[in-house]
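Biologist: I've got a model open on my screen and I'd like to learn how to read it. Can you walk me through it, feature by feature?

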Amino acid sequence: LKALFKKHKPENKLEKIIKDFVVQADIQIDGKEKLKVPPKDRSKVARQFILDNCEEFLAYAVDYSLYDKFFTGENFDEKTFLSTNPKVLKYQNEIDLVNKRFSEALNQDNLEELKNIIEDCGIVCPISGTKNWTDVKQFNLMFKTQLGSTESNSTDLFLRPETAQGIFLNYLNVQKTGRMKIPFGSAQIGKAFRNEIVASQFIFRMREFEQMEMQFFIKPGTQMKWYEYWKNIRLNWHLSLGLDKSNYRFHDHEKLAHYADAACDIEFNFPFGFKELEGIHSRTDFDLGNHEKFSTKQIKYFDPSDNSKYTPYVLETSIGVDRMFLAIFSSSLKFEKLGDGTERTVLKTPYILSPYKVAFLPLVKKDGLPDYCRKIKDKLKLKFSTVYDEKDAIGRRYRRQDAIGTPFCVTIDHQTIEDDT
């Protein structure tokens with residue numbers, strides 16, 4: 001042990017570490033709780049404990065010896081910490097085992113095993129504190145309605161849960177009339193409907209929402225290449241909006257949909273935590289293959305590059321417009337403290353999304369200031385989205401532009417007329 005801690009000075013550092021171990025280790029000594037061991041007896045008890053539990057102490061001691069080098073201040077190395085700390089490794093192993101059970105149960109539709117996992121993990125209701133869970137059930141997320149003049153003669157139908165099927169129905173029309181060569185994509189925006197169990201968190205989860213989707217048609221066997229390509233492209237698109245990169249992360253699906261061979265979400269850090277913002281899915285040929293099968297319409301693509309014929313695979317990206325608005329709006333609201341101790345809310349939208357880029361504000365509505373202000377505005381209005389405002393005091397006008405996220409304000413005062421400053 002002295003060799004292990006020889007870098008520690010003075011010599012009694014080892015004694016200090018041994019005592020510290022007895023205090024911190026999750027153990028009981030002689031039937032007494034660890035903190036009840038009198039300080040004068042700790043050294044003696046600790047030495048005996050080390051002899052009885054050499055393996056556990058060594059793991060702790062090694063971890064402690066690395067502490068100064070890797071785990072303090074600027075020297076902190078998260079990767080080393082996560083890969084060497086015994087407790088972290090133990091907890092991570094337990095997490096991995098639960099995730100494996102969870103993923104297998106989902107893929108096998110084993111609802112009984114899902115309940116067993118909940119009970120084995122001791123999951124408690126955060127509101128009531130109970131562990132008395134009902135059986136796990138399947139829910140239908142599609143909206144069912146009826147078509148017909150009377151209920152007896154009506155036909156059951158479902159509102160669309162996604163906008164993608166319209167693109168698949170029109171795939172052949174687009175490909176033939178546009179003389180499109182694979183790979184190519186079709187995108188659209190429209191309403192979708194979900195029978196959500198709980199519609200909550202403002203506009204994050206609604207039963208009727210706006211959806212933007214793109215179906216990218218590709219050659220079978222290339223789907224993983226395009227999957228990685230669109231993951232990168234879509235994340236860069238989100239970053240181009242001007243929000244911080246730390247707000248985004250990828251989340252791979254534990255259970256794949258019946259039509260997918262790969263799927264992930266781009267999650268955003270909303271005020272209520274990381275939640276799905278956009279989905280990216282490799283749908284294989286499930287959709288076009290089934291349209292071809294049940295319509296008996298030949299929709300295979302002839303590829304002149306290698307004279308092959310195939311039903312295209314599809315790479316899909318899907319984003320909720322309402323969620324996108326919520327992400328931007330919630331990240332753009334800032335609280336500013338004023339000199340008198342009060343707070344005010346300011347909307348600081350990313351520059352690229354601001355409805356107006358520049359506001360032109362004459363200091364007063366006389367002395368030629370409005371005309372001079374409009375003259376400058378006319379020079380810039382073709383390059384920038386501008387707004388002119390002369391109503392109310394200048395402070396109120398600044399505040400109005402703060403409220404709608406205008407990044408720049410140009411104020412024209414009397415000195416501007418004198419020397420163009």
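Modeller: Buried means under 20% relative accessible area, exposed over 50%, and partly exposed in between, using a 1.4 Å probe and protein chains only. Before we go on, this is a predicted model, so local features need pLDDT of at least 70 and side-chain atom pairs count only at pLDDT 80 or more, while totals for chains, interfaces and linings use all residues. Residues are numbered from 1 along each chain as its sequence is written, and side-chain values use heavy atoms, leaving out hydrogens and water.

Biologist: Which residue forms a salt bridge with Lys144?

Modeller: The general idea first: side chains of opposite charge can pair when their charged atoms come close. We call it a salt bridge when a side-chain nitrogen of Lys or Arg is within 4 Å of a carboxyl oxygen of Asp or Glu. Here Lys144 pairs with Asp156, with 3.4 Å between the closest N and O atoms. Asp156 is partly exposed at 43%. Lys144 sits in strand S3 (residues 144-147) and Asp156 in strand S4 (residues 155-158), so the bridge ties together parts 12 residues apart in sequence. Helices (H or I, at least four residues) and strands (E, at least two) are DSSP runs, numbered from the N terminus.

Biologist: How many salt bridges does the structure hold?

Modeller: There are 23. One of them joins Arg249 and Glu267, whose closest N and O atoms are 2.8 Å apart. That pair ties together parts 18 residues apart in sequence, because Arg249 lies in strand S7 (residues 248-252) and Glu267 in strand S8. Arg249 is partly exposed at 41%, whereas Glu267 counts as buried at 9%. Elsewhere, Glu162, Arg283, Asp287 and Glu316 are linked in a network of salt bridges.

Biologist: What is Ala164 in contact with, beyond its neighbours in sequence?

Modeller: Contact means heavy atoms within 4.5 Å. Leaving aside neighbours within four places, Ala164 contacts Glu213, Gln215, Arg283 and Glu316. Ala164 belongs to helix H8 (residues 164-169) and is buried, at 0% relative accessibility. Its C-alpha atom is 7.7 Å from that of Met214, 50 residues away along the chain.

Biologist: Which residues have the most contacts inside the largest nonpolar core?

Modeller: In soluble globular proteins, nonpolar side chains tend to be buried together. A nonpolar core is a set of buried Ala, Val, Leu, Ile, Met, Phe, Trp, Tyr and Cys residues joined through side-chain atoms within 4.5 Å. The largest one here has 26 residues, and Phe216, Tyr248, Phe268, Phe270, Leu277 and Leu315 have the most contacts inside it. Elements that each supply at least two of its residues include helix H10 (223-240) and strand S8 (262-270). S8 gives the largest share, 5 residues. Apart from this core lies another, of 13 residues, including Phe168 and Ile299.

Biologist: And how do helices H6 and H7 cross?

Modeller: Two packed helices are described by the angle between their axes and the distance between the axes. The axes are lines fitted to C-alpha atoms, for helices over the stretch in contact, with angles from 0 to 180 degrees between N-to-C directions. For H6 (residues 86-107) and H7 (residues 111-120), the axes come within 9 Å and cross at roughly 160°. That makes H6 roughly antiparallel to H7, a word for angles over 145 degrees. Among the residues that meet are Val98 and Phe102 in H6, and Leu114 and Ile117 in H7.

Terms used
Parallel < 35°, antiparallel > 145°, perpendicular 65-115°, else oblique.
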